[in-house]
Amino acid sequence: MKMEADADCPRLTQREKLCLFWAAQGKSSSCISGILEISEHTVNFHIKNAMRKLDVANRIVAVQKAARLGLIDFKPQ
C-alpha cells in the first residue's frame, strides 16, 4: 500500500531515500558512503534531513516510517 501521494506525506530527495534504503539493509554510514561514493558526513546529512522531514528521532524509526509511507522499498532495483 503506497501512500506517497498523500498530502501529509513528506517529500524526500532521491539521496535521502537511497541513504534510508541502505540503512534499512543494515549498512552503516561508512558503508553507505562507499556504496554511494559520497562522504560519510554527506550520508549523515541526508539521513538527518530525512529524519527531520519524517519527524522522528533516530534512523531506525526513519527507515520504518519511510517504508510504512511507501517512500522506500526493500526490493532490489
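**Exercise 1.** Find which residues K53 touches, not counting residues up to four places away in sequence.

*Solution.* K53 touches P10, R11, L12, T13 and E16 once those sequence neighbours are set aside; contact here means heavy atoms within 4.5 Å. Before going on, note that this is a predicted model, where local features need pLDDT of at least 70, side-chain atom pairs count only at pLDDT 80 or more, and totals for chains, interfaces and linings use all residues. Numbering runs from 1 along each chain as its sequence is written, and side-chain values use heavy atoms, with hydrogens and water left out.

Helices are DSSP runs (H or I, at least four residues), numbered from the N terminus. Now take P10: K53 is 43 residues from P10 in sequence, yet their C-alpha atoms are 6.0 Å apart in space. Finally, the K53 side chain gets to the backbone oxygen of R11 at 3.3 Å.

**Exercise 2.** Work out which residues of helix α2 (residues 29-36) are buried, and what covers them.

*Solution.* The buried ones are S29, I32, S33 and L36. They span an arc of only 105° around the axis, so they lie on the same side of α2; the arc is that of the directions from the helix axis to the C-beta atoms. Their cover includes α1 (14-24), α3 and α4 (59-68).

Terms used:
A polar contact is a pair of N or O atoms within 3.5 Å; within protein, one must be able to donate a hydrogen and the other to accept it, and residues adjacent in sequence count only if both atoms are side-chain atoms. Buried means under 20% relative accessible area, exposed over 50%, partly exposed in between (1.4 Å probe, protein chains only). Helices (H or I, at least four residues) and strands (E, at least two) are DSSP runs, numbered from the N terminus.
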